[in-house]
Amino acid sequence: MFKDLFHKKKYATIPSGQPRTKPDIPEGLMSKCPKCGNIQFSKEVEKNLKVCPSCGHHFRLNAWERIAITLDEGKLTELDADLESVDPLGFPGYANKLEAQKKSSGLKDAVVTGVGTIGGLPVVAAFMSFDFFAGSMGSVVGEKITRAIEHAHAKKLPLIIFSTSSGARMQESILSLMQMAKTSAALAKFQGDGGLYISIMTDPTTGGVSASFALLGDFNLAEPGALIGFAGRIVIEQTIRQKLPDNFQTAEFNLQHGQLDKVVHRKEMKTTLAKLLDMHSVKGEIINGG
């Protein structure tokens, strides 16, 4: 009958004094893309080389993650692994922060250097890591980069540097700023003798690193969407009193304005590097990079 259509439905209720519980989701199971906002399984993003499957956003990689996907079999014979930062100026709180950074990142400083192969060709490579003091360049970073350049020079091997940095490390003051000149001078000697240097800029590459070795490559490459520049956007706009384009300082903007040779997707980076190395090799040996 019609009355059956209007009978009261029974619903399960939770007593007012009983708290509602949230599903027990393991930490790190899901990740949200900062560009498109899509939420996806972290393992799926990792399988995709930490590139968002939806929009192509490149998540940041640490040094060892980068090594694993760049060098043949992910193998690196590390150089200067024992070098680590100290507190040369007695900057307040710096020593404690260094120890905290070492524990959280698993690194001794913001760069890992060594020798490996790409496409079977030997290279000297440096991999910066933003998760150690925001990739800032202190005296140890500058020293390890310089020694890597000098090792490539002595062994007549090509040099590849993956950069990511917030700039100079203020806690080391002038000792940090000196690294800009030191690394640039070492590169001038290396390239002057025909050494091949390929620079890859990842998000972000700014400050003293962008103003020194990062933009001095025979080939300057970058990952899509990477922020590349010296001063920050707000500082520049306030200085010139003009509104900057929305894509200002992105890899694509720098490519359009002649600051880069190519923007390379992470999935194509190793293949691209192997081709460049092969183009400059004769019987397995790298020749003049100029």
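These legends walk through several close-up views of a predicted model.

**View 1. The whole chain, to get your bearings.**
Start with the big picture: the protein chain has 9 helices and 11 strands. Of its 290 residues, 43% are buried. The chain exposes about 16,200 Å², and carbon and sulfur atoms supply 56% of that area. If you look at contacts between residues with a separation of 6 or more, 66% of them link residues 24 or more positions apart.

**View 2. An open sheet, strand by strand.**
Here 7 strands line up in the order S3-S4-S5-S6-S7-S8-S9, making an open sheet with mixed pairing. Which strands stand at the edges? They are S3 and S9 (262–263), and each has a single partner strand, so one side of each is left without a neighbour in the sheet.

**View 3. Strand S6, wrapped up on both faces.**
Zoom in on S6, which spans residues 159–165. 7 of its 7 residues are buried, so S6 is largely enclosed by the rest of the structure. One side carries Leu159, Ile161, Ser163 and Ser165, while the other carries Ile160, Phe162 and Thr164, and both of these faces are covered. S6 runs parallel to S5, and 4 bridges join the two.

**View 4**
Now slide along to strand S7 (residues 197–205), which pairs with strand S8 (residues 219–222) in the parallel sense over 4 bridges. Ser199 sits opposite Asn220 in S8, and Met201 has Ala222 in S8 as its bridge partner. Moving on, S8 and S9 also pair in the parallel sense, over 2 bridges. For that pairing, pick out Leu221, whose bridge partner in S9 is Lys262.

**View 4. Helix H4, lying across the sheet strands.**
Helix H4 (residues 139–155) lies across S3, S4 (111–118), S5 (121–128) and S6. Relative to S4, H4 runs at about 25°.

**View 5. Helices H4 and H5, side by side.**
How do the axes of H4 and helix H5 (residues 173–192) cross? They come within 8 Å of each other and cross at roughly 10°. Since angles under 35 degrees count as roughly parallel, that makes H4 roughly parallel to H5. On the H4 side, the residues that meet H5 are Ser139, Gly142, Glu143, Ile145, Thr146, Ile149, Ala152 and His153. Their counterparts in H5 are Leu175, Gln179, Lys182, Thr183, Ala186, Leu187, Lys189 and Phe190. Sort the contact of H4 with H5 by class and you get 7 nonpolar, 6 polar and 3 charged residues.

The axes of helix H2 (residues 63–70) and helix H9 (residues 266–279) come within 10 Å and cross at roughly 60°. H2 and H9 are therefore oblique to each other. Arg66, Ile69 and Thr70 of H2 make the contact with Arg266, Lys270 and Leu273 of H9. The residues in this contact of H2 with H9 divide into 2 nonpolar, 1 polar and 3 charged.

Is Arg266 buried or exposed? With 4% relative accessibility, Arg266 counts as buried, because buried means under 20% relative accessible area. Leaving aside neighbours within four places in sequence, Arg266 touches Leu49, Lys50, Val51, His58, Phe59, Leu61, Arg66, Ile69 and Glu223.

**View 6. Ala81, out in a loop.**
Ala81 lies in the loop between strand S3 (77–79) and helix H3 (94–105). Its relative accessible area is 35%, so Ala81 is partly exposed. Ala81 and Leu107 are 26 residues apart in sequence, and their C-alpha atoms are 9.6 Å apart in space.

Last stop: Ser281, in strand S10 (residues 281–282). Ser281 has 16% relative accessibility and so counts as buried. Between Ser281 and Leu121 there are 160 residues of separation along the chain, yet the C-alpha atoms of the two are separated by 8.6 Å.

Terms used:
Residues numbered from 1 in each chain as written. Predicted model: local features only at pLDDT ≥ 70, side-chain atom pairs only at ≥ 80, totals over all residues. Heavy atoms only, no water. Buried < 20%, exposed > 50% of the residue type's maximum accessible area, 1.4 Å probe, protein only. Contact = heavy atoms within 4.5 Å. Areas by Shrake-Rupley, 256 points an atom, 1.4 Å probe, with all protein chains shown as cover. Pairing = 2+ DSSP bridges. Axes fitted to C-alpha atoms, helices over the stretch in contact; angles between N-to-C directions. Parallel < 35°, antiparallel > 145°, perpendicular 65-115°, else oblique. Nonpolar A, V, L, I, M, F, W, Y, C, P; charged D, E, K, R; others polar.
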